[in-house]
Amino acid sequence: HPDNFMISTGINDSAIEKLKEIFKVIACNWICIDIANGYISKLVDFCQEVRKEFPDKIIVAGNVVTREIVEELILNGKVDVVKVGIGPGSACTTRIKTGVGMPQLSAVLECADAAHGLNAHIIADGGCNNSGDIVKAFAAGADFVMIGGMLAGHDECDGVVKNGKMEFYGMASESAMSRHNVPHREYRGVEGKTVSVPYKGPVKNTLIDILSGIR
């Protein structure tokens, strides 16, 4: 369904042309402009360009953790949803590598308040280890909650079970860069890691557990 997935993009010079090509063959209502550090000045300008090119799409942008940039992305970047979280993910090493980040609950509280005041929304991205963490994110004002590690280790995942465990990796990790042909430039470090998690069987059981906790 066109509302059940997003086309994700970075902000390099060829990104908008790639989006045009993708939308020629895929029907989807969402675009996610996704970079590790949403405080790069180019992000707001890029969001403006995407809005001009795709006026009817729902645009998500991030990641950020403070009120001011949330307001900037909504008012000037013309985005609908801001993705919140720098460093909380279980496969993320941004805080260790760069010293940059913010406790996720605090970030969600601040950013949700800012977005809702402008009739926009946020996605809380990262830091959930159990259904109670998801509940706290919603209670803090998140409109959507992203989870990664909680869904790792299941039959539906793209991985192999070895000694009762499966691996998953952050999208800023060496594993992700190699798999998705991201250039390994000498000045570019990694801000993610590959993690082994216990094999958990079918994802349905985990989803039932999560949903029951939220209810």
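Q: Why is β3 largely enclosed by the rest of the structure?
A: This is a predicted model, in which local features need pLDDT of at least 70 and side-chain atom pairs count only at pLDDT 80 or more, while totals for chains, interfaces and linings use all residues. Residues are numbered from 1 along each chain as its sequence is written, and side-chain values use heavy atoms, with hydrogens and water left out. Strands (E, at least two residues) and helices (H or I, at least four) are DSSP runs numbered from the N terminus, and a residue is buried under 20% relative accessible area, exposed over 50% and partly exposed in between, with a 1.4 Å probe and protein chains only. β3 is largely enclosed because, of its seven residues, the number buried is six.

Q: In what order do the six strands of the open sheet follow one another?
A: Strands pair if DSSP finds at least two bridges between them, and in this open sheet the pairing is parallel. β1 (6-9) and β6 (144-146) each have a single partner strand, so one side of each is left without a neighbour in the sheet. The order is β1-β2-β3-β4-β5-β6.

Q: Which residue is the bridge partner of Ile31 in β3?
A: β2 and β3 pair in the parallel sense, and five bridges join them. Asp34 stands opposite Gly62 in β3, whereas the partner of Ile31 there is Ile59.

Q: At about what angle does α2 run to β2?
A: Angles run from 0 to 180 degrees between N-to-C directions, with axes taken as lines fitted to C-alpha atoms, for helices over the stretch in contact. α2 lies across β1, β2 and β3, while α3 packs on the sheet against β3 and β4, its direction making about 155° with that of β3. For α2 and β2 the angle is about 165°.

Q: What is the relative accessible area of Leu73?
A: Leu73 is found in helix α3 and, contact meaning heavy atoms within 4.5 Å, it touches Leu43, Val44, Cys47, Ala61, Val64, Lys78, Val79 and Val82, neighbours within four places in sequence left aside. Leu73 and Cys47 are 26 residues apart in sequence, and their C-alpha atoms are 7.7 Å apart. Leu73 is buried, and its relative accessible area is 0%.

Q: At roughly what angle do the axes of α3 and α5 cross?
A: Two packed helices are described by the distance between their axes and the angle between them. Residues of α3, including Arg67, Val70 and Ile74, meet residues of α5, among them Glu110, Cys111 and Ala114. The axes come within 8 Å and cross at roughly 30°.

Q: With which residues is Thr206 in contact, leaving aside its neighbours within four places in sequence?
A: Thr206 lies in helix α8 (203-214). It counts as buried because its relative accessibility is 17%. With those neighbours left aside, the contacts of Thr206 are Met150 and His154.

Q: What percentage of the residues of the chain count as buried?
A: The secondary structure of the chain comes to eight helices and eight strands. Among contacts between residues at least 6 apart in sequence, 59% join residues at least 24 apart. Of the 215 residues of the chain, the share that counts as buried is 39%.
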